[in-house]
Amino acid sequence: MPSGWEGRNSAGESMEENFAYLRAWQKRVHQGGWAGVSWPREYGGRGATLIEQVIFTEEMARAGAPPLANVLGLTLIGPTIIAHGTETQKQRFLSRILSAEEIWCQGFSEPNAGSDLANLSTEAHLEDGRFVVNGQKVWTSLGWAADWCELVVRTDASAAKHSGLTVLLVDMRSPGVEVRPLRQMTGESEFNELFFHDVRVPAENVLGAVNDGWNVALGTLMHERATLGAGLHVLYKRQFERLVELAQTIDRHGAPASRDPVLRQKLAQIYSEIEIMRLNQIRSISRVNHHGTPGPESSLQKLFWSELNQRFQQVAQEVLGPFSQLENGSEFAFDHGQWAYSYLRARGNTIEAGTSEIQRNIIGRFVLGLPRSY
Amino acid sequence: MQFGLTDTQQMLKHEARRFFPAECPISEVRRLMEIDGAYDQGLWRKIVEHGWTGIIFDEEHGGMGLGLVEMAVAAEEMGRALLPGPYFSTVFVAGNLLNALPQGRSRLKAICEGRARATLAMLEESACWEPDGVGMVLKNGRLSGTKLLVPDAAAADLLLCVARSGGEVLVAQVCSPADRIRIRRMPSLDRTRQLYSVAFDEAPAEVLARGEGAQAALDRAMDIATVALVAEMVGGMQRILELSVEYAKTRRQFGKPIGQFQSVQHQCADMLLLTESSRSAAYYAAWALNEGTADARTAVSVAKAYASEAYREVGNRGIQVHGGMGFTWENDIHLYYRRAKASEIAFGDAAFHRERIARTVVDGRAAAQIA
């Protein structure tokens with residue numbers, strides 16, 4: 001465990017300083033042989049099962065360890081390259097993802113392609129053996145730190161909207177790539193906007209087949225829904241225990257808030273839901289282990305944890321009372337304003353990685369077999 | 001690590017899934033619910049012949065000696081078929097209590113062999129699910145007073161009763177001279193699992209356990225019965241979901257199946273989430289109780305608190321998806337909706353179990369540590 005880590009953004013003054021710390025931490029984890037637990041051995045992983053990967057993630061969270069810097073490369077893009085990449089691509093990219101030598105971001109959403117991702121209009125055409133890319137991406141996590149981008153582009157405008165897409169692996173240092181910060185409601189800029197002006201990408205950087213990008217991207221999205229929640233229940237449980245600790249000391253009508261019968265009910269409900277989130281996750285991962293890749297059931301996990309976190313943060317606000325709203329900077333703020341931040345941050349949970357509405361569409365259509373609604 | 005069902009458990013599930021809807025289809029459920037006791041000798045004999053009455057009891061008592069996860073597997077299918085009558089009270093409640101009492105085990109053979117149907121009389125006017133709430137006193141080996149909301153009493157020939165004597169809680173078997181016991185139906189929402197008041201007028205009773213022994217056996221039996229109930233509730237949710245999705249695919253309005261509308265799809269998606277989450281909680285609690293893990297009692301309460309609200313909510317949405325049809329007597333969903341309410345109440349509702357959870361995870365520091 002590295003020193004100087006006390007939770008979110010605690011390791012540096014700026015976002016960049018903090019990220020450099022997380023990158024150094026991942027390098028150490030990698031040197032210890034713990035990055036990419038479930039990746040094949042020939043690409044630098046441990047060749048373990050997905051369940052073992054989840055156990056490792058949980059243990060990291062339980063120990064209060066910092067997250068790994070290259071989170072998208074490790075959980076989403078790496079597995080997609082393993083599934084669809086050529087041998088040359090695997091040799092070129094995978095070990096550098098594990099060592100955090102190259103940070104990855106995901107160029108999926110666009111201003112006019114959010115839930116309707118296949119409607120994206122960033123286009124690429126071949127010119128002298130290279131793709132020329134033009135367009136705009138948005139909500140790109142880690143765009144500012146990334147060396148590489150898994151970019152979905154339209155390569156055949158005449159095809160049906162799901163059929164004309166291709167995934168490119170784009171060097172973020174290429175001429176014509178512009179990264180702008182996108183400030184979110186928490187005040188932070190976790191995300192970026194990406195602009196591509198005549199960016200040239202070698203043809204060998206196509207991931208999967210040309211015009212088969214929807215299938216490749218879908219694999220990434222399913223990994224996102226399936227694995228984003230892994231270990232999350234441990235973080236929630238740690239937060240819950242901290243909230244209980246506070247509830248035992250905060251006065252409410254002359255007694256600890258933890259004795260308030262209404263708050264006790266709400267706390268017990270949140271505890272139950274965190275516990276059920278853990279159990280759902282275990283069952284879901286067992287299924288993935290059995291079938292190989294995550295299926296549409298992963299939408300159930302995403303739906304559950306994102307909506308639970310919003311209920312959780314609201315209960316935390318009620319337990320903490322009027323000081324709950326104080327942000328970092330006030331001496332009366334609990335835990336340096338962590339709870340006020342988490343309350344706002346949770347609001348994004350039901351939107352990022354596919355809105356709750358999209359998850360319910362997926363469950364309705366692909367899990368329950370209801371007719372397509374759009 | 002094994003997070004799914006074993007092959008043997010899968011086989012049991014298939015067998016239960018085949019047996020209960022075949023031997024007790026919903027038309028039979030409807031017939032039995034109009035009969036006092038919802039009991040049919042022919043159905044009971046088939047249940048016994050298939051060994052279901054002995055599922056969790058040791059082979060020396062004539063049982064199959066299976067564990068609590070297997071119990072949950074079977075209970076889920078019974079709940080899906082809405083099995084009426086005295087099975088649950090006999091095996092999962094009274095049978096489990098007898099099994100937890102050294103002096104009770106000799107009576108298990110009659111239960112496994114189907115010769116006795118049994119129930120547990122616990123609640124009184126205080127309507128309290130903890131033995132502390134019991135006020136009935138045993139005096140000179142005789143019980144007087146009235147027990148309320150006793151399930152399946154009309155079909156039971158072995159009546160267990162929680163009472164107290166000298167400040168100690170006790171479990172007694174009531175010997176039943178008909179002139180000292182009066183059983184009356186308490187008409188209630190779930191007609192497939194009927195409730196009765198049982199009035200004793202100096203009815204002779206044999207004490208099976210008292211004090212700590214009785215308390216521990218009651219705790220254990222109630223926990224197991226609660227898990228069986230939650231598993232049954234999961235089966236009920238599963239059935240409502242199946243019926244609703246099927247209806248949404250076939251019922252047409254505005255020229256298309258209503259399942260094509262997102263408002264309907266999203267109701268169904270939420271029903272699936274509630275059902276699967278309840279299932280996760282139910283099976284974990286069964287496993288935890290079977291293994292005797294430190295968090296087993298909390299796991300039981302988590303499952304019951306969650307499923308109590310989930311079953312009702314799945315019922316609400318299922319009826320909504322069915323529209324006007326869902327509000328008719330002819331449609332089967334209300335039978336499940338009625339069972340959902342009775343199950344929500346039995347062995348403590350969500351608020352009761354959340355308070356039980358709070359006593360561990362909000363009050364006790366050590367117990368709140370990550371499992």
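This is a predicted model: local features need pLDDT of at least 70, side-chain atom pairs count only at pLDDT 80 or more; totals for chains, interfaces and linings use all residues.

Colleague: How many residues does helix α9 of chain B have, and what span does it reach?

Modeller: One compares the end-to-end distance with the expected span. Helix α9(B), residues 296-322, has 27 residues and reaches 38 Å from its first C-alpha to its last, close to the 39 Å expected.

Colleague: Where is the kink in α9(B) centred?

Modeller: The kink, of about 25°, is centred on B:Ala307. Just after the helix, B:Gly323 takes a positive phi of about 60°.

Colleague: Is α9(B) mostly covered or mostly exposed?

Modeller: The helix is mostly covered, with 21 of its 27 residues buried.

Colleague: Which elements of chain B give two or more residues to the side that touches chain A?

Modeller: The contact takes 35 residues from chain B and 34 residues from chain A. On the chain B side, the elements giving two or more residues are α7, α8, α9 and α11. Of these, α8(B) gives the most, with 12 residues. By class, that side divides into 22 nonpolar, 8 polar and 5 charged residues.

Colleague: How do the axes of α4(B) and α8(B) cross?

Modeller: The axes come within 8 Å and cross at roughly 150°. Angles over 145 degrees count as roughly antiparallel, so α4(B) is roughly antiparallel to α8(B). Among the residues that meet are B:Leu68 and B:Met71 in α4(B) and B:Tyr283 and B:Trp287 in α8(B). This contact has 9 nonpolar, 1 polar and no charged residues.

Notes
Residues are numbered from 1 along each chain as its sequence is written. Chains are lettered from A and ligands numbered from 1 in the order in which they are written. Helices (H or I, at least four residues) and strands (E, at least two) are DSSP runs, numbered from the N terminus. The expected span of a helix is 1.5 Å times one less than its number of residues. The bend at a residue is the angle between axes fitted to the seven residues ending there and the seven starting there. A residue is buried if 20 or more other C-beta atoms lie within 10 Å of its own, exposed if 12 or fewer, and partly exposed in between; C-beta atoms are placed from the backbone. Two residues are in contact if their C-beta atoms, placed from the backbone, lie within 7 Å. Ala, Val, Leu, Ile, Met, Phe, Trp, Tyr, Cys and Pro count as nonpolar, Asp, Glu, Lys and Arg as charged, and the others, Gly among them, as polar. Axes are lines fitted to C-alpha atoms, for helices over the stretch in contact, and angles run from 0 to 180 degrees between N-to-C directions. Angles under 35 degrees count as roughly parallel, over 145 as roughly antiparallel, 65 to 115 as roughly perpendicular and the rest as oblique.
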